[in-house]
Amino acid sequence: MRDESLGERNSLANSGLWSNCTNYFSMPIRRKRSSPTTEDPRNKKAKVSTWSRRNELENDFSTKRCIAWFHEYTDSDEDVLGPEGMEKFCEDIGVEPENIVMLCLAWKLDAKSMGFFTKAEWLKGMTELQCDCISKLQGRLDYLRSILDDPVHFKNIYRYAFDFARNKDQRSMDVETGKAMLGLLLGKHWPLFGSFHQFIEQSKYKVINKDQWCNILEFSRSILPDLSNYDEDGAWPVLLDEFVEWYRENKSMSS
């Protein structure tokens, strides 16, 4: 057997090494498996879709949720939310009971009696407002306030307030309730409200009827603060004629 030279051995060795390298790089590359802790993008997308759908469902109005909300302020077998429940309701939504926004809400619910909401009134009005929880109604408070900026809506709410606030066994509103409601509705907008309030307090009137109530609004809108365009021969109720006379007398005495 002949001896192989060092060069031949190196040549053969290098030839085998190169063959092995060639075979290695020609093999298909094995992709590294994802770490168990790495989240599959498809799973992430599914989770986002599930969350979005859940969020949509929560945002959708639910009659069942609306009724359950109503019964947070009543016993489960009661169909009327009364004064005690109303106080808690106002506290939950962050509104004082005497705030005018509560009158706007009552108008939206078409509530028949001050201090009370029936389940039917609640469900009808809250469905229209698409509110079935506290946070949704809080998000609609600015809208309810903005209704008052529309003259037609304001007039409707003003007229509604008479029947809403009066005792149902009487055709007229007692004067104390009338003064409070007029202050709520006209106190910030009618320059003569303070004088009219004083006139009512010292007058003989114990009640305000609906005709007087409606005409007070028209008077506040059409008659100038100095009464210069007041027509004594106009068809105003006697109540307003007497107010004008009283106002002018007091003004002449003070000047």
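Asp132 is buried, at 1% relative accessible area. Buried here means under 20% relative accessible area, exposed means over 50%, and partly exposed lies in between (1.4 Å probe, protein chains only). The side chain of Asp132 meets that of Lys136 in a salt bridge, 3.1 Å from N to O. A salt bridge requires a side-chain nitrogen of Lys or Arg within 4 Å of a carboxyl oxygen of Asp or Glu. Lys136 is buried too, with a relative accessible area of 16%.

## Basis of the model

The model is predicted; local features need pLDDT of at least 70, side-chain atom pairs count only at pLDDT 80 or more, and totals for chains, interfaces and linings use all residues. Residues are numbered from 1 along each chain as its sequence is written, and side-chain values use heavy atoms, with hydrogens and water left out.

## Other salt bridges

Side chains of opposite charge can pair when their charged atoms come close. The structure holds 14 salt bridges. One of them joins Asp110 to Lys112, with the closest N and O atoms 3.1 Å apart. Asp110 is partly exposed at 34%. Lys112 is partly exposed at 48%.

Another pairs Asp142 with Arg145, at 3.2 Å from N to O. Both residues sit in helix H8 (residues 141–146), three residues apart, about one turn of the helix. Helices are DSSP runs (H or I, at least four residues), as strands are (E, at least two), numbered from the N terminus. Asp142 is exposed, at 59% relative accessibility. Arg145 is partly exposed, at 34%. Elsewhere, salt bridges with shared partners link Arg65, Asp132 and Lys136 into one network.

## Packing of H10 and H11

Two packed helices are described by the angle between their axes and the distance between the axes. For H10 (residues 175–186) and H11 (residues 193–202), the axes come within 11 Å and cross at roughly 180 degrees. H10 is therefore roughly antiparallel to H11. Axes are lines fitted to C-alpha atoms, for helices over the stretch in contact, with angles from 0 to 180 degrees between N-to-C directions. Angles over 145 degrees count as roughly antiparallel, under 35 as roughly parallel, 65 to 115 as roughly perpendicular, and the rest as oblique.

On the H10 side, the contact uses Val175, Lys179, Leu182, Gly183 and Leu186. H11 supplies Phe193, Phe196, His197, Ile200 and Glu201. The residues of this contact (heavy atoms within 4.5 Å) divide into six nonpolar, two polar and two charged. Ala, Val, Leu, Ile, Met, Phe, Trp, Tyr, Cys and Pro count as nonpolar, Asp, Glu, Lys and Arg as charged, and the others, Gly among them, as polar.
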